[in-house]
Amino acid sequence: MDTVLRRKLLAAIHAEKKKACLSDADYRAVLREVVGVESAADCSPEQLRKLADHFKSFSRRQPPKNSGDNFYRIIEGTQNWKQKRHIAGLWVELGYKASALDTRAKKQFGKDYFTQLSGDDLQTLGRDLTKRLAKRKQS
């Protein structure tokens with residue numbers, strides 16, 4: 001594979017990473033799952049094509065995060081993905097715009113994107129949303 005094509009594939013992969021708002025840890029989890037490496041730079045030409053196709057097919061399957069459908073994209077297999085999907089579901093059930101999850105992550109935890117939260121931050125947010133939903137159902 002010539003270097004120009006390799007660079008184009010790497011650029012496309014990184015553009016899709018940015019579009020999906022993946023943290024570095026989540027991106028590396030996708031790399032491990034799809035092609036079994038830690039870095040796209042370590043990929044063979046076939047692995048780069050497979051990875052690029054994976055990200056492109058994912059983009060076609062999922063609406064963009066701010067598509068107006070009140071949907072927040074959480075990629076399966078990334079760090080804490082089940083917990084993040086649960087929290088995103090609580091958020092939407094409470095009637096909040098999915099795009100506001102990033103604002104909450106920034107204001108409360110200092111992270112640019114909700115998908116960058118982990119551990120205690122996710123537990124804190126999940127407990128808060130669960131309490132708010134229980135309170136709302138009581139009224």
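Predicted model: local features only at pLDDT ≥ 70, side-chain atom pairs only at ≥ 80, totals over all residues.
Local features were taken at pLDDT of at least 70 and side-chain atom pairs only at pLDDT 80 or more, whereas totals for chains, interfaces and linings use all residues. Residues are numbered from 1 along each chain as its sequence is written, and side-chain values use heavy atoms, with hydrogens and water left out.

The mean pLDDT (the predictor's confidence in each residue, from 0 to 100) is 82 for the protein. Of its residues, 88% reach 70 or more. Over residues 60–67, pLDDT stays under 50. For this stretch the model has 14 contacts (heavy atoms within 4.5 Å) beyond four places in sequence.

Helices are DSSP runs (H or I, at least four residues), numbered from the N terminus. Helix 1 covers residues 3–19. Its expected span is 1.5 Å times one less than its number of residues. For 17 residues this gives 24 Å, and the end C-alpha atoms are 24 Å apart, which agrees. L9, L10, I13, E16 and K17 are the buried residues of helix 1 (buried, under 20% relative accessible area; exposed, over 50%; partly exposed, in between; 1.4 Å probe, protein chains only). These buried residues fall within an arc of 125° seen down the axis, so they line one face of helix 1. The arc is that of the directions from the helix axis to the C-beta atoms. T3, R7, K8 and K18 are exposed on the other side of helix 1.

K17 also meets an aromatic ring. Its charged end sits over the ring of Y27, 4.8 Å from the ring centre. The criterion is NZ of Lys or CZ of Arg within 6 Å of the ring centre and within 35 degrees of the ring normal.

N80 lies in the loop between helix 3 (45–61) and helix 4. Its phi is positive, near 60°, in a residue other than glycine. Most residues other than glycine have a negative phi. N80 counts as partly exposed because its relative accessibility is 28%.

Helix 4 spans residues 81–93. Its 13 residues should span 18 Å, and its end C-alpha atoms are 18 Å apart, which agrees. K84, I87, A88, L90 and W91 are buried in helix 4. Down the helix axis, these residues fall within an arc of 160°, so they line one face of helix 4. Their cover includes helix 2 (24–35), helix 5 (100–109) and helix 6 (119–138). G95 follows helix 4 and has a positive phi, near 95°.

Notes. Helix = DSSP H or I, 4+ residues; strand = E, 2+ residues; numbered from the N terminus.
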